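This report describes chain contacts in one structure. Look at the sequence and the model first, then read on.

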Amino acid sequence: MSTRTRRRGERGPLASIGLHAGLLLAVAVSLFPVVWLVLTSLKPRDGWLSTELQFFNDSSLDNYARVLTETAFPQWLLNSVLTAGLTMVLGVFLAATTGYAVSRFRFPGHRSVMWLLLITQMFPVAILIVPLYNLMAGLGLLNQIPGLVIAYMTIAVPFCAWMMKSYFDTVPIEIDQAGMVDGLTPFGTFWRVVLPLSRPGIAVTAFYCFMTAWGEVGYATVFMSQEDKRTLGVGLQQFIGQHWSDWGLMTASAVLIAIPAGVVFLLVQRHLITGLTAGATKA
Amino acid sequence: MRRLLPSAAAVAALVLTVSACGGGGGETAAPPAQVSDPSKVSGEVTWWDTTRPDSEGPTFQALIKEFQAKYPQVKVNYVNVPSDQAQNQFQTAAQAGAGAPDVIRSEVAWTSQFASLGYLQPLDGTRAVDRPDDFLPGPLSSTEYNGKTYAVPQVTDTLALIYNKRLLKEAGHEEPPKTIAELKRTALDVKAKTGAAGLALNVDSYFLLPFMYGEGGDLLDVANKKIVVNSPANVKAMETVADLISSGAAPKPATTESYANAMTALKEGKAAMIYNGPWALSEIYQGKEFQDKKNLGIAPVPAGSVKAAAPTGGWNLAIYAGSKNIPAAYEFVRFMTTAEAQAKIAKEISLLPTRTSAYSDPDVQGNPDVAVFKPIMDTAVPRPWIPEGGQLFQPLLEGYQSLVGGKSGPADMLKTVDEQYRGIMKDWS
Amino acid sequence: MTVSTGKVTAAGESARGRERPGPLRRSFGTHWYAWAMVTPVLVVMLVLIGWPLARGVHLSLTDATEANIGRTIGVNVIPASYEFVGLENYARILTSGVFWDKLVWTVVWTAACVALHYGIGLGLAVMLNRRLRFRSVYRVLLILPWAVPAFVAAFIWRYLYNSDYGVINGFLKMAGLGGVGWLDDPTTAKIAVIVVNVWIGVPFMMVALLGGLQSIPAELYEAAEVDGASAWQRFTAITLPGLRQVSSTVVLLGTIWTFNMFPIIFLVTRGGPGSETEILVTYAFREAFTGIRNYSGSAAWGVIILAMLVVLAVGYRRTLRSQGDPW
């Protein structure tokens, strides 16, 4: 690396202060509701609505103990992990193959594919939940984690395919050609050569798929009516009713839910960075 | 999919006027004798319960255990579905024929709707209904549609005036207000002498009904198929509500989180009075003002110029017509609605029985919350049990919100509601 | 199997070697591989979206409701008695004043949300793409809202906005100002829901754009610096064009999603006060799903919304292509 590149990273002290101030402000806004969530989860079960503004009020981990022992939280967690994990694996795979095909092959209709995917996002499914439910019932997929995963594919894959296509577009075609010259099939090129070079794109896609399935409530509520098949989002709704609410349980489980999401992000982030260094050394 | 029914969804009331003839009903509906020994019935019954899973659920789960001890060959799958989702989810599952429960705890206003759509099993003359004469007529009327019975009343309730005795006393009132005029005076006295708010209003259609009934108004005249929401009586009722707010008797209520805010104000002693039902008591007792339960007063809703009256609410048990375990479901519904089961529910979680005979149970009489609500039931008015009943609340809620927000006056508001009702009830006049 | 025509298409990489004849081209040209890679997705999409959509279009031309659609459940038989009514449902919706009111607010809502998502997301992504201390800490903290399920976030915000007990009003009162009924007034309620949606949506936009930024080769910046380009010039000449692919995708998808964003409005304000904050999709849902469901009406709403978005997407694509973007 030349000295110039290093100079690019340098800033005047004022610029640095401005940069950190901007980011700190953004962090404050993004964190405040989350911090409030955590604080509320430490309050007694009825501490959330109080006429006085209190940051702390008999802090304890009681709510967490209640969530873990008195509710079906562990079961919901397991279902959610399975659902989100499957969605992530399948979503990344489908999005990558589709994105790659559209990015590299000029097959008839390669552009319509992407637009078709886009159109599937335009129909307000909230309104057509009934035919969808009937379809799932007809396919025997109600109360089945794979059924829910397939439903999540319709939400996650279109966007992810677009993302992956954009990413593959930035991978030089010469790399594919080199793979072909080495005697790999198009699948082999994709799998062994292009995919490993596309970690940043895959990382974002994986995270997106995971989060889509992790926080989704609408489909899960309707498709998973059996108690032992509920995901976290569905289960959590039991804590908030129309005329009562248990904010202690609600907030404690919300915090617990955010933790695996954070872990996935941290894992993905490492890959993001390795993907980057790979890109840099490649250049 | 929250809250497709307004807060009405959790409510109920009952009319005790008929209790006199109830006890002697006996076995009028003799069960058909297909099953020689009911305890030999086998099958699997999935039940969607809509109660609070933490405080109310355990009582029902205990009842299920008793049921299974008595019917060893029936397996009950207990599923708790939040009350504000159950209606929608049941409709979706029932029309598909897959995923629907065998038994659903149906709010009184849903029952006729489900029945009209063909989702419910007719129960006349089956083992599900035991001694129908014993049921209070108000809740029982909610189980009927087109002359057939489609559900069995499980619990009932109504609205009452719930107040903080200490605050009223400090304001110089030993007795709760009996009329709206007294309510206003009491509330203003509380505000002047204690600094707390007088009345906390909950901006919700269901909680508007006592004011309408009090002036002799109603939403619909079912017998004559007439929409009567835009009547002089209702205009007067809306003027009363607007006056309570503008005079300061009730602080301007929030329209979002209205219920929670009103309840918190009462619990923390920031408001002296509130309209609410028996389901709210356990939450109120958690408030710091009511650590001493005796500080809580419960009285009939104050009377308008015509009468004192509040709406009937409650929950029924209904059987899905597509259930593959109908005989077992009959037994389950029958078991869950016996006087003994209702007495247990009343004793443990203060939900009001629908059977006349249950009220003579010492356990029920020994529960002060149930005892105090019993006379209040006399004022309860059954709502129009029609399939469209659930759709009537949203226009009224929007009207109430715009009234509170000062966007429209009482007459305009009711005119708008009336127009929307005409869109829903097309062949009504 | 046919061989690829190899003609110049609008998709970018075609210029990058697709034209070169040779063995590569022949193997690339067999569509079999491509279709095998695309088919699974298409099948899932066509079944899960296509069928309900086809059914919806059919129902929208009838007067079907939950009461007359016909079914047999156990002992209950309800005959199908719905009829074909042509475009009546569409005419009724399009001639109602409510539709146009909701459309205006939906457009305002979408434009405001997407603009803020993109603007803030891009700003943060650019900052995070700089070399700075605690970068990964910032990144994790800024992405945190994404990890909170939307419906939990909606409840938190409702609580923050609470007029009597909310934290925001709590701070205002502490500062000696009066509280605001955030969700009780149409204007503040609209601002409130936009804020919630922006809070939830920015992390996604930021991550997507960060991914885009990181795929821009560092050499371009180095070369620009050698040429003496200012920071702003580098931003407009390298960053923005480099993000073009990603941006055009996320903006279009963001628009579509925001237009149909159901849970935020449904959970934060329930459409209130009155029905002021209701967008087309929540309004349609409530119209059709309260009480006895109106299948034909809801389907007609769905098709209208779909049609509007298709028109929007086609227009967007045209614009991009006229600007030389390879779409």
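Two residues are in contact if their C-beta atoms, placed from the backbone, lie within 7 Å. This is a predicted model, in which local features need pLDDT of at least 70 and side-chain atom pairs count only at pLDDT 80 or more, while totals for chains, interfaces and linings use all residues. Residues are numbered from 1 along each chain as its sequence is written, and chains are lettered from A, with ligands numbered from 1, in the order in which they are written.

Between chain B and chain C, the contact involves 30 residues from chain B and 30 residues from chain C. On chain B, at least two residues each come from helices H3 (83-96), H4 (108-116), H10 (258-267) and H16 (393-404). H16(B) supplies the largest share of this side, four residues. Helices (H or I, at least four residues) and strands (E, at least two) are DSSP runs, numbered from the N terminus.

Chain C also meets chain A: 96 residues of chain C are in contact with 86 residues of chain A. Helix H2 (residues 31-60) of chain C gives the most to the side of chain C that touches chain A, 18 residues.

The table lists both sides by class. Ala, Val, Leu, Ile, Met, Phe, Trp, Tyr, Cys and Pro count as nonpolar, Asp, Glu, Lys and Arg as charged, and the others, Gly among them, as polar.

| Side | Residues by class |
|---|---|
| Chain B, touching chain C | six nonpolar, 19 polar, five charged residues |
| Chain C, touching chain A | 67 nonpolar, 19 polar, ten charged residues |

Chain C itself has 14 helices and two strands.
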